[in-house]
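Welcome! Take a moment to look over the sequence and the model, and then let us walk through them together.

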Amino acid sequence: MVDDDYQISSEIYSEYNYICNLKPTLNKHNVVSKFEFTYPQYQVTIDSDGDLEVPRKHKKTTNIAVIEVAILSSIESENIKKSTVLGLVGLQIWRGSLLLADWLIHNNRHISSDSYILELGSGVGLTSIIASMFAPVYCTDVNKGDLLKLIENNIKRNKHIGKYPLKVVELDFTAEELPKEVAAVLSKVEIILAADTIYDDHLTDAFVRTIQKLLFAPSRRTVYVALEKRFVFTIADCDAVAPCYDYFLRCLGKIKNIEMQEIPLDFPKYFKYDRAKELVLWKLQYCKHS
């Protein structure tokens with residue numbers, strides 16, 4: 001189970017200084033960060049035969065996502081350490097959400113604006129905000145630590161980014177049923193996103209059950225899971241292992257009719273962060289004959 005006394009910090013703030021001078025609006029103790037990103041602007045033309053022409057070269061536009069996060073700051077050895085208890089890690093931003101945001105921008109021409117995107121465990125909402133550039137989004141998480149209010153606040157801060165509607169809904173992996181709002185639009189959902197939701201075996205069990213419900217529901221959809229292998233050295237193994245990641249793969253392996261594919265991380269980086277070698281991106285689909 002999750003230990004709510006254990007403090008944990010996202011690595012991204014030790015890599016780059018995202019913190020800005022903007023004031024938080026939800027809680028005076030929160031921190032506001034700026035995440036600059038670029039994205040391609042394709043200029044499509046039509047030739048004399050009526051065919052689409054997409055130029056090889058394209059312009060890049062720069063934008064900034066402004067995100068309020070709830071992190072505890074403390075001073076250790078003259079360095080500011082930012083952390084939350086383990087049960088509230090969704091109040092921080094992790095590398096997996098930036099990786100998914102990169103993937104969305106890179107693949108935006110293949111995303112249908114007539115379909116919906118569903119994000120699970122959305123945290124502070126960064127990935128959902130980027131996704132709303134390309135299609136309507138349902139952004140979901142549990143309402144711990146005023147997380148849903150924080151997401152709503154961040155959506156308002158980033159109205160300059162989103163082009164399509166972005167709705168915030170509470171979705172608890174441990175609940176027996178999907179939220180009514182999600183169930184009502186599930187037939188129109190083609191892409192499901194989840195980043196850094198694997199850090200506790202009990203929650204991993206619930207997360208995998210939720211994936212199973214979503215994939216096995218009528219209509220075809222694809223789940224993309226971004227996460228970071230977190231290695232620890234164990235005496236039992238006499239080696240560095242990633243137990244949470246390994247447990248996640250074992251759970252998925254027990255489910256029949258799910259096709260798994262690891263996606264190469266050779267697409268461009270549009271956000272500034274360290275794309276560590278421990279990062280992975282999985283594509284999951286329902287497959288009758290697997």
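Predicted model: local features only at pLDDT ≥ 70, side-chain atom pairs only at ≥ 80, totals over all residues.

## A first look

The protein chain has 290 residues, and 49% of them are buried. Its secondary structure comes to 7 helices and 16 strands.

In soluble globular proteins, nonpolar side chains tend to be buried together. In this model, the largest nonpolar core has 52 residues. The residues with the most contacts inside this core are Phe-35, Phe-37, Ile-67, Ile-117, Ile-130, Phe-271 and Leu-281. Helix α2, which covers residues 95–106, gives the core its largest share, with 7 residues. There is also a second, separate core of 35 residues, and Tyr-138, Val-169, Leu-178 and Leu-227 are among its members.

Setting aside neighbours within four places in sequence, Phe-271 is in contact with Phe-35, Glu-36, Phe-37, Leu-98, Ala-101, Asp-102, Ile-105, Leu-126 and Ile-130.

Beyond its neighbours within four places in sequence, Ser-97 is in contact with Leu-126, Thr-127, Ala-195 and Asp-196. Ser-97 and Leu-126 are 29 residues apart in sequence, while their C-alpha atoms are 7.0 Å apart in space.

One of those contacts, Asp-196, deserves a visit of its own. You can find Asp-196 in the loop between β11 (189–195) and α6 (201–216), and it is buried, with a relative accessible area of 16%. Most residues other than glycine have a negative phi. Asp-196, however, has a positive phi of about 50 degrees although it is not a glycine.

## Ser-219, beyond α6

Which other residue has a positive phi without being a glycine? Ser-219 does, with phi near 80 degrees. Ser-219 sits in the loop between α6 and β12 (222–228). With a relative accessibility of 42%, Ser-219 counts as partly exposed.

## Met-133 in its loop

Now look at the loop between α3 (126–131) and β9 (137–141), where Met-133 is placed. Met-133 counts as buried, with 11% relative accessibility. Not counting residues up to four places away in sequence, Met-133 touches Phe-37, Tyr-39, Ile-161, Gly-162, Lys-163 and Tyr-164. Met-133 and His-160 are 27 residues apart in sequence and 9.8 Å apart from C-alpha to C-alpha.

## Helix α7 and its partners

Which residues of helix α7 (residues 243–253) are buried? They are Tyr-245, Tyr-247, Phe-248, Cys-251 and Leu-252. Seen down the axis of α7, these buried residues fall within an arc of 160 degrees, so they line one face of the helix. An α-helix has 3.6 residues a turn, so residues three or four places apart point the same way. The buried residues of α7 pack against α6, β12, β15 (258–262) and β16 (279–286).

Two packed helices are described by the angle between their axes and the distance between the axes. For α6 and α7, the axes come within 10 Å and cross at roughly 30 degrees, and the crossing is right-handed. On the α6 side, the contact is made by Asp-201, Thr-204, Asp-205, Phe-207 and Val-208. On the α7 side, Cys-244, Tyr-247, Phe-248, Cys-251 and Leu-252 take part.

One more residue of helix α7 to find is Pro-243. Pro-243 counts as partly exposed, at 38% relative accessibility. Pro-243 and Arg-230 are 13 residues apart in sequence, and 7.8 Å apart in space from C-alpha to C-alpha.

Notes. Residues numbered from 1 in each chain as written. Heavy atoms only, no water. Helix = DSSP H or I, 4+ residues; strand = E, 2+ residues; numbered from the N terminus. Buried < 20%, exposed > 50% of the residue type's maximum accessible area, 1.4 Å probe, protein only. Core = buried A, V, L, I, M, F, W, Y, C linked by side-chain atoms within 4.5 Å. Contact = heavy atoms within 4.5 Å. Arc of directions from axis to C-beta. Axes fitted to C-alpha atoms, helices over the stretch in contact; angles between N-to-C directions. Left-handed = near helix turned anticlockwise from the far one by under 90°.
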